[in-house]
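Dear colleague,

I am passing on the structure we spoke about, with the sequence alongside, and would be glad if you looked it over. My notes on what I found follow directly below it.

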Amino acid sequence: MPETKISLGLEGTAHTFGVGIIDEKGNILADERDVYIPKIGKGIVPNEAKEHHEKVAAKLLEKALRVSGLSLEEIDVVSYSAGPGLPPPLTFTANFATNLSEKYKKILIKVHHGIAHIEISKLTTQAKDCIILYLSGGHTSVIALVEKRYRIFGETSDISVGNCFDVVAREMKLPMPGGAEIEKLAKKGKYVELPYVVKGMDVSFSGIQTAAIELLKKGIPKEDIAYSLQETCFAMLTEVTERALAHTGKEEVLLVGGVAANKRLQEMMKIMCEERGAKLYVVPEKYSGDNGVMIAWAGLLAYKSGWKPTFKDRIKPKWRIDEVEITWA
Ligand code: AMP
Ligand code: MG
């Protein structure tokens with residue numbers, strides 16, 4: 001029987017430090033994470049995220065190994081998120097991974113964080129040839145795999161949809177992450193007008209964010225703003241996704257990233273997909289946020305296909321998704 005390769009993945013691009021272990025068949029052997037939470041009313045402070053990761057990394061690694069019943073000797077590949085992300089936590093994670101690989105003489109693989117989100121979503125949903133909507137705190141992109149690259153068909157021209165929701169939620173004094181709170185409030189709201197901004201395949205959320213905050217200051221009920229924010233932003237995303245399906249001829253849509261958990265977004269996408277005879281896949285909530293398993297899995301795919309990075313640096317904070325050749329597709 002062929003030997004099964006095992007990958008250990010380290011995630012640390014932003015708020016989460018994660019250690020995941022997975023085998024070649026996609027069996028998840030460990031998934032340990034710890035999230036840095038900024039003080040109320042504040043966004044992520046890069047150095048604080050790094051300090052958080054420094055504190056938890058060794059403990060999480062030890063726990064992941066214990067849960068999997070494996071020793072470091074039994075790991076074949078050490079994978080880590082080399083970008084995109086914030087330089088302080090990225091640097092810590094890269095150094096931690098490099099030290100491990102040198103000490104235990106393991107192959108070291110640099111993983112693109114966005115590609116890891118996509119690959120773990122494909123593994124857990126069985127989506128194959130899909131339009132991917134990557135919606136997180138930092139990203140809003142419409143992506144499709146074409147000729148061995150994840151190509152960006154459309155994206156936000158300013159802030160991400162997750163960030164738009166988070167900032168409005170913060171103004172409403174709601175706890176973080178704001179998106180989930182907006183979803184709860186929206187159930188009791190009615191429509192008030194907000195700007196709808198789609199240009200070709202691109203979307204913009206900063207004007208909507210400003211308008212929503214102005215309405216809040218005028219005394220419009222939070223519920224109505226939350227409802228209208230969802231209806232407007234998700235209608236925009238559904239429109240560009242439908243256009244991407246039409247352009248590419250693909251028949252699957254895959255939602256990935258933290259915002260994918262939103263039930264109203266899923267409902268609107270499902271209606272659009274059904275009308276076109278396409279199928280909707282949504283990453284399971286457990287793997288929608290940042291985690292080490294996704295890094296371990298993408299690292300293993302890269303390793304098995306002989307992928308090599310085109311840069312020497314340990315990290316690449318502005319690594320674009322379409323710079324990576326998908327040698328395993
Ligand atoms: P990520 O960056 O992938 O970890 O995702 C975090 C983002 O997802 C934050 O901006 C959250 O506000 C957002 N989010 C989480 N749950 C929901 C939800 N149910 N509806 C909308 N946004 C959400
Ligand atoms: Mg992420």
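In this predicted model, a polar side-chain atom of Asp 166 lies 2.6 Å from an oxygen atom of ligand 1. The backbone also takes part in contacts to the ligand: a polar backbone atom of Gly 137 is 2.8 Å from an oxygen atom of ligand 1, and a backbone N or O atom of Gly 179 lies 2.9 Å from an oxygen atom of ligand 1. Ligand 1 is surrounded by 16 residues, and the closest of them are Gly 137, Asp 166, Gly 179, Glu 183 and Asn 262.

Turning to the helix packing, the axes of helix 1 (residues 46–68) and helix 2 (residues 87–104) come within 7 Å and cross at roughly 25°, an angle under 35 degrees, so helix 1 is roughly parallel to helix 2. Their crossing is right-handed, and the residues in contact include His 53, Ala 57 and Leu 61 of helix 1 together with Phe 92, Phe 96 and Leu 100 of helix 2. By class, this contact comprises 10 nonpolar, 3 polar and 2 charged residues.

For helix 6 (residues 206–217) and helix 7 (residues 222–248), the axes come within 10 Å and cross at roughly 165°, which is over 145 degrees and therefore makes helix 6 roughly antiparallel to helix 7. The crossing of helix 6 and helix 7 is right-handed as well. The contact is made by Ile 208, Ala 212, Leu 215 and Leu 216 of helix 6 and, from helix 7, by residues including Ile 225, Leu 229 and Met 236; its residues divide into 8 nonpolar, 1 polar and 1 charged.

Technical notes. Residues are numbered from 1 along each chain as its sequence is written. Chains are lettered from A and ligands numbered from 1 in the order in which they are written. This is a predicted model: local features need pLDDT of at least 70, side-chain atom pairs count only at pLDDT 80 or more; totals for chains, interfaces and linings use all residues. Side-chain values use heavy atoms; hydrogens and water are left out. Axes are lines fitted to C-alpha atoms, for helices over the stretch in contact, and angles run from 0 to 180 degrees between N-to-C directions. Helices (H or I, at least four residues) and strands (E, at least two) are DSSP runs, numbered from the N terminus. Angles under 35 degrees count as roughly parallel, over 145 as roughly antiparallel, 65 to 115 as roughly perpendicular and the rest as oblique. A crossing is left-handed if the near helix is turned anticlockwise from the far one by less than a right angle, and right-handed if clockwise. Contact means heavy atoms within 4.5 Å. Ala, Val, Leu, Ile, Met, Phe, Trp, Tyr, Cys and Pro count as nonpolar, Asp, Glu, Lys and Arg as charged, and the others, Gly among them, as polar. A residue is near a molecule or strand if one of its heavy atoms lies within 4 Å of it. A polar contact is a pair of N or O atoms within 3.5 Å; within protein, one must be able to donate a hydrogen and the other to accept it, and residues adjacent in sequence count only if both atoms are side-chain atoms.
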